[in-house]
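Hi there,

Here is the structure I promised to pass on to you. Have a look at it first, and then read on for what turned up.

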Amino acid sequence: MNQGWFVTGTDTGIGKTVAAAALLLQLRDQGRHAIYMKPVQTGCDVEGATCVAPDLRHCHRLVGLPPVSDEEEDCCPYRLRMPASPHLAAAREGVTIDMEHIIAAHRRLQERYEHVVVEGAGGVLVPLNDSLTNLDLMQQLDLPVVVVCRPGLGTLNHTLLTLQILRKAGLNTAGLVTVDTTDAPWTDIEEDNQATLQRMGRLPLLGRITYHPALADESAGPDILRTCIQGLSV
Ligand SMILES: Nc1ncnc2c1ncn2[C@@H]1O[C@H](COP(=O)(O)OP(=O)(O)OP(=O)(O)O)[C@@H](O)[C@H]1O
Ligand SMILES: [Mg+2]
């Protein structure tokens with residue numbers, strides 16, 4: 001088993017945090033020592049003197065971990081307030097996102113955990129600063145990449161584009177995860193998309209996360225998440 005994954009997606013709000021939590025939950029259910037990392041979080045909430053990373057909180061709730069960890073600095077080294085692309089949110093706060101800082105935090109986590117599940121901010125070509133994107137970060141971390149995509153209309157173009165650029169960059173694409181972020185029932189389109197993505201994307205569909213209202217309002221914990229995971233055996 002590998003040291004973790006980099007979880008990216010075809011867009012923001014596509015289900016990356018939920019998919020990352022599902023991977024983490026399965027590892028932890030097997031007794032593995034595994035942790036979640038979100039190198040750059042924008043749209044943070046300020047609670048007193050702390051800048052709270054919503055994805056870290058959400059992921060921890062989904063896997064049944066305490067909301068705050070004493071490793072938060074490493075799990076989320078860049079916590080920015082503006083709900084925008086990392087390069088813009090950082091510039092607004094006079095911060096420059098430094099790749100080396102992220103890599104050092106990741107290395108420290110890797111030394112303490114068997115697996116680190118890393119979630120990127122938005123999609124593959126989202127800028128982190130004036131010159132680097134998530135793709136550069138993925139190359140540096142060199143983890144197998146899981147691509148989260150929606151099951152319905154539009155996913156073929158977005159997912160195949162994402163896979164093409166990942167491969168061109170020499171990254172190891174582990175597979176796809178589809179996430180039903182709406183309760184729209186599956187039709188022939190979603191069924192065909194699954195088959196087409198695997199055939200034309202030349203990679204496996206690792207699993208699907210089905211819709212649940214408690215995932216939609218972000219109140220779900222591990223018991224509900226487990227019921228929504230199809231496949232995805234790590
Ligand atoms: N299976 C599901 N059923 C219902 N709602 C879901 C499901 N999966 C995700 N959601 C909801 O959809 C929204 C987007 O999901 P999520 O936060 O995982 O996306 P993301 O790709 O991580 O977004 P971001 O780019 O902001 O990090 C969240 O409110 C989440 O709780
Ligand atoms: Mg997220």
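Some ground rules before the rest. This is a predicted model, where local features need pLDDT of at least 70 and side-chain atom pairs count only at pLDDT 80 or more, while totals for chains, interfaces and linings use all residues. Residues are numbered from 1 along each chain as its sequence is written, chains are lettered from A and ligands numbered from 1 in the order in which they are written, and side-chain values use heavy atoms, with hydrogens and water left out. Helices (H or I, at least four residues) and strands (E, at least two) are DSSP runs, numbered from the N terminus.

**The sheet**

Seven strands form an open sheet with mixed pairing, in the order S2-S7-S1-S8-S9-S10-S11. Two strands count as paired if DSSP finds at least two bridges between them. At the edges are S2 (34-37) and S11 (229-231), each of which pairs on one side only. On average, neighbouring strands of this sheet are turned by 20° against each other, direction ignored.

Here is how some of the strands are joined. S1 (residues 4-9) runs parallel to S8 (residues 145-149), with four bridges between them, and Gly9 stands opposite Val148 in S8. S8 also pairs with S9 (residues 173-179) in the parallel sense, over five bridges; there, Val145 is opposite Thr173 in S9. S1 and S7 (residues 115-119) are parallel as well, paired over four bridges, and Phe6 faces Val118 in S7.

Two helices pack on this sheet. Contact here means heavy atoms within 4.5 Å, and angles run from 0 to 180 degrees between N-to-C directions, with axes being lines fitted to C-alpha atoms, for helices over the stretch in contact. H5 (residues 99-112) touches S2 and S7, and its direction makes about 165° with that of S2. H6 (residues 134-141) touches S1, S7 and S8, and its direction makes about 165° with that of S1.

**What is covered**

I call a residue buried under 20% relative accessible area, exposed over 50%, and partly exposed in between (1.4 Å probe, protein chains only). Five of the five residues of S8 are buried, so this strand is largely enclosed by the rest of the structure. Both of its faces are covered, with Val145, Val147 and Cys149 on one side and Val146 and Val148 on the other. S9 is mostly covered too, with six of its seven residues buried.

H2 (residues 54-63) is also largely enclosed, because seven of its ten residues are buried. These are Asp55, Leu56, His58, Cys59, His60, Leu62 and Val63.

**Helix pairs**

Two packed helices are described by the angle between their axes and the distance between the axes. Angles under 35 degrees count as roughly parallel, over 145 as roughly antiparallel, 65 to 115 as roughly perpendicular and the rest as oblique. A crossing is left-handed if the near helix is turned anticlockwise from the far one by less than a right angle, and right-handed if clockwise.

H1 (residues 16-29) packs against H2 at about 40°, with the axes 9 Å apart, and the two are therefore oblique to each other. H1 passes H2 in a right-handed crossing. On the H1 side, the contact is made by Thr17, Val18, Ala21, Leu24 and Leu25, and on the H2 side by Asp55, His58, Cys59, Leu62 and Val63. These residues divide into seven nonpolar, two polar and one charged, where Ala, Val, Leu, Ile, Met, Phe, Trp, Tyr, Cys and Pro count as nonpolar, Asp, Glu, Lys and Arg as charged, and the others, Gly among them, as polar.

H7 (residues 155-168) and H8 (residues 188-201) pack at about 25°, with their axes 10 Å apart, and are therefore roughly parallel. Their contact involves Thr155, Leu156, Thr159, Leu160, Leu163 and Arg167 of H7 and Asn193, Thr196, Leu197, Met200 and Gly201 of H8. By class, that contact has five nonpolar, five polar and one charged.

**One more residue**

Asp45 lies in S4 (residues 45-47) and, at 40% relative accessibility, counts as partly exposed. Leaving out residues up to four places away in sequence, Asp45 touches Thr50, Cys51, Val52 and Pro54.

Best wishes
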